[in-house]
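Have the sequence and the 3D view ready.

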Amino acid sequence: MTTSAFPEGVKRCSSGKFILWLLPAFLVLLIAAYAMFRVWFYGLNQTNMNDAYGFAIWIWADLAVIALGGGAFFSGFLAYLVGVKKVKNIINFAVVLGVVCYTSALILLGLDVGQPLRGWFIFWHANIHSMLTEVAFCLTIYLGVLIVEFIPVILENPKIQKIRFFHHLSHNMHEIMAVFAATGVFLSFFHQGSLGGVPGVLYGRPFAFREGLFIWPWTFFLFTWSAAAVGPLFTATMCRLTEFITQKKLVKDDVYELLAKISGWMLLTYIIAKSLDTIYWATVTAPARGFAFMDFYSNNPAYYGVWILIAEIVICGFLPALILITQKGRENKKLLFGAAILAIIGLCINRWVMVLQVLAAPLKPFQEEWFVYSPAWTEVITTIMPIAYGIVLISIAYRYLPLFPQEKELNP
Amino acid sequence: MFPFAYEWTWYFGQYLFMGAAGFAISVVGAGLTYCIVKSIIDIMISDDHAEH
Amino acid sequence: MEKLPSHTKARHFGMVIDLDKCTGCASCMVACYSENNVSFRDEESIKLLSINWIQVYKITNGKPFPDTEVCYLPQPCMQCDGKDFGHPPCVSVCPAVATDFDTPTGIVSQIPVRCFGCRYCMAACPYHARKFNWWDPVWPADMERYLSPDVSPRMRGVIEKCTFCYHRFQRARQQAYYKGDAENIKEADYQTACTQACPSGAITFGDMDNPDHAVYTLKKSRYAFRLLERLGTQPSVYYLSTRKWVHRACDNYLEHEEPAAFAGKSA
């Protein structure tokens with residue numbers, strides 16, 4: 001009897017339909033590949049970056065996908081280290097999502113550097129005082145950990161399971177998954193934090209600069225906390241989206257509700273800490289350097305008004321947090337996922353502000369104007385690329401791997 | 001990264017950073033090696049059982 | 001802070017630019033382009049894509065005619081000492097040690113062949129003194145023959161910036177060594193190209209710790225200030241101006257605050 005390539009006891013669509021579904025994503029990937037070729041071959045003059053906007057949309061996308069991919073490390077922490085069993089029903093999906101996010105982040109970083117062939121200098125000639133060095137080390141090693149976490153999921157494909165070595169290997173890797181998860185948590189704490197440290201240590205940029213604890217600015221802790229809070233919400237939302245696309249229930253509602261409850265409380269504590277940080281920065285840190293709070297939110301082109309702060313803290317911070325900590329909010333799935341989407345937007349706004357607004361804000365009083373930048377097509381398409389790549393990888397993983405332990409039970 | 005490069009400085013922060021990086025890589029490496037070796041042993045044991 | 005080797009004399013090179021003397025002729029910029037093999041393109045209208053190690057800004061007091069006043073501000077890399085004399089904003093952020101603070105001279109170095117173009121230093125520098133090579137450097141035909149052999153041209157994809165003509169310091173040190181007194185570098189022996197090119201003598205350069213050098217006295221002037229000094233970057237470039245609005249235009253002040261030189265006075 002031939003073994004099916006699909007996980008046992010689940011239904012999948014026909015190959016034709018599957019390929020048709022992947023076609024648009026492949027088209028985006030093809031255009032993105034061409035854009036990547038142009039950037040690597042002709043250089044960064046193919047983008048719209050300039051000497052004021054040395055960091056641009058890629059770095060924002062990088063920070064955002066890494067934060068959202070934080071769902072993998074925090075779900076791993078909950079499932080393997082704290083022992084929250086329910087989370088195991090979504091952990092495989094979180095790992096796949098993490099792999100998508102982190103590989104995308106590394107590709108974008110590889111695109112963003114002026115001399116990609118010298119990328120290894122960051123490891124070989126490491127300056128350990130640089131937050132970026134910490135990011136590079138932890139990010140790369142953590143991607144390795146994520147792949148190690150992903151391997152046993154791949155090995156569970158029925159065809160691969162027939163090979164005895166792989167059968168044993170996947171079993172043995174599952175056995176000690178807590179060790180890998182713990183390493184992942186350790187690495188994630190540092191790279192999520194270091195990404196916050198990247199703007200936080202810039203004492204020449206009063207919009208970004210924050211005091212802190214020892215060598216770590218407050219943004220270090222805020223970034224880690226926010227990634228841990230919103231990451232699982234992103235995992236849950238993407239899982240819901242997969243359910244919508246496949247028209248199947250894949251995870252029980254109590255799993256979503258549990259994740260939402262944990263994330264809700266973390267989001268609330270995060271946003272309180274973020275508010276305190278903002279108040280201290282606005283009243284002490286920035287004025288000591290001659291800046292009034294509103295200097296950073298006025299006279300700027302269109303989208304940099306003070307509402308961006310209100311949107312981040314109130315609309316996309318307190319509001320979803322308050323919805324998620326109440327049982328009624330969690331039980332109503334529209335409210336739950338509405339709040340999750342708001343929280344995700346809030347996180348993206350935070351990363352946007354901490355990268356792009358930092359560079360846009362004028363510093364020399366004789367240069368009153370804000371620096372303006374609009375991304376080139378090469379930047380836009382490569383920023384969209386992770387979505388297309390995510391669609392491809394998640395679709396393939398969903399089709400051939402047992403990502404959702406509850407799928408069989410929920411779809412008899 | 002290594003003491004022979006000019007940017008290396010002999011001080012605590014350097015050991016801590018590289019030590020932590022090395023530790024993380026070692027744990028993952030050791031974990032993987034353990035799994036691979038154990039899988040090979042598992043196959044050998046099950047072969048033994050099959051023979052008897 | 002790094003310890004100095006026992007045989008090295010500590011110097012702290014710095015610049016004082018008298019803004020009341022600067023006419024905005026940009027000779028300093030031209031001299032710098034020529035001295036340091038700074039590349040340029042046919043199309044230079046977008047200044048944020050141009051490379052220049054010293055840039056002259058035009059600033060005004062913002063008043064209508066006839067009260068309009070103009071000031072030209074030449075701005076090289078500020079060679080910041082940074083926190084604790086040795087941690088300029090750009091140096092500690094470089095992940096590959098492609099830029100470093102030279103304790104014996106107070107100059108911030110840039111090693112283009114070590115730089116891999118992450119541009120973190122550019123984001124860290126509040127002065128926009130660091131420039132990125134967006135394109136391959138191309139000089140008009142024959143001009144390559146006139147490039148200075150003392151300074152390596154930079155390649156696409158790396159950062160470059162003013163080095164206070166460090167190669168001139170190396171040359172001066174070598175000459176002093178051959179003369180038998182390696183530590184005795186006189187003020188005239190080491191001058192930057194921009195300083196020598198300035199027709200109005202607005203730029204003064206030297207060792208700020210040496211009382212025999214003009215900068216030692218000039219930087220102590222009541223009217224001396226540094227650009228964006230309140231950020232704590234500790235620049236080694238000082239500016240002089242007797243005009244209050246110029247001081248105000250060069251650093252950030254809250255409404256009730258006054259520049260130090262004019263505190264409690266109206267000017």
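## A leucine and its contacts

Not counting residues up to four places away in sequence, A:Leu109 touches A:Ile59, A:Asp62 and A:Leu139. Keep in mind as you look around that this is a predicted model.

So where does this leucine sit? Look for A:Leu109 in helix 4 of chain A. Its relative accessibility is 26%, so A:Leu109 counts as partly exposed, since that class runs between 20% and 50%. Now find A:Ala61, which is 48 residues away from A:Leu109 along the chain.

## Helix 4 meets helix 10

Let's stay with the helix that holds A:Leu109. Two packed helices are described by the angle between their axes and the distance between the axes. Helix 4 (residues 88-112) of chain A packs with helix 10 (residues 218-246) of chain A at an angle of about 100°, and their axes are 10 Å apart. Because of that angle, helix 4 of chain A is roughly perpendicular to helix 10 of chain A; the range for that label is 65 to 115 degrees.

Which residues make the contact? From helix 4 of chain A, they are A:Ile90, A:Phe93, A:Ala94, A:Leu97 and A:Cys101. Helix 10 of chain A brings A:Phe234, A:Thr235, A:Ala236, A:Met238, A:Cys239 and A:Thr242. Sorted by class, the contact of helix 4 with helix 10 of chain A has nine nonpolar, two polar and no charged residues.

## Helix 6 meets helix 9

Here's another pair in chain A. The axes of helix 6 (residues 131-155) of chain A and helix 9 (residues 177-200) of chain A come within 8 Å and cross at roughly 150°. That is why helix 6 of chain A is roughly antiparallel to helix 9 of chain A, a label for angles over 145 degrees.

The crossing of helix 6 of chain A past helix 9 of chain A is left-handed. In this contact you'll find 17 nonpolar, six polar and two charged residues.

## An asparagine in chain C

Now hop over to chain C. C:Asn133 is in the loop between strand 6 (131-132) and strand 7 (159-160) of chain C. Is C:Asn133 buried or exposed? With a relative accessibility of 1%, C:Asn133 counts as buried, because the cut-off is under 20%.

Leaving out residues up to four places away in sequence, C:Asn133 touches C:Ser39, C:Ile51, C:Arg154, C:Met155, C:Arg156, C:Gly157, C:Val158 and C:Glu160. With C:Glu160, there is a polar contact between the two side chains, at 2.9 Å.

Conventions
Residues are numbered from 1 along each chain as its sequence is written. Chains are lettered from A and ligands numbered from 1 in the order in which they are written. This is a predicted model: local features need pLDDT of at least 70, side-chain atom pairs count only at pLDDT 80 or more; totals for chains, interfaces and linings use all residues. Side-chain values use heavy atoms; hydrogens and water are left out. Axes are lines fitted to C-alpha atoms, for helices over the stretch in contact, and angles run from 0 to 180 degrees between N-to-C directions. Helices (H or I, at least four residues) and strands (E, at least two) are DSSP runs, numbered from the N terminus. Angles under 35 degrees count as roughly parallel, over 145 as roughly antiparallel, 65 to 115 as roughly perpendicular and the rest as oblique. A crossing is left-handed if the near helix is turned anticlockwise from the far one by less than a right angle, and right-handed if clockwise. Ala, Val, Leu, Ile, Met, Phe, Trp, Tyr, Cys and Pro count as nonpolar, Asp, Glu, Lys and Arg as charged, and the others, Gly among them, as polar. Contact means heavy atoms within 4.5 Å. Buried means under 20% relative accessible area, exposed over 50%, partly exposed in between (1.4 Å probe, protein chains only). A polar contact is a pair of N or O atoms within 3.5 Å; within protein, one must be able to donate a hydrogen and the other to accept it, and residues adjacent in sequence count only if both atoms are side-chain atoms.
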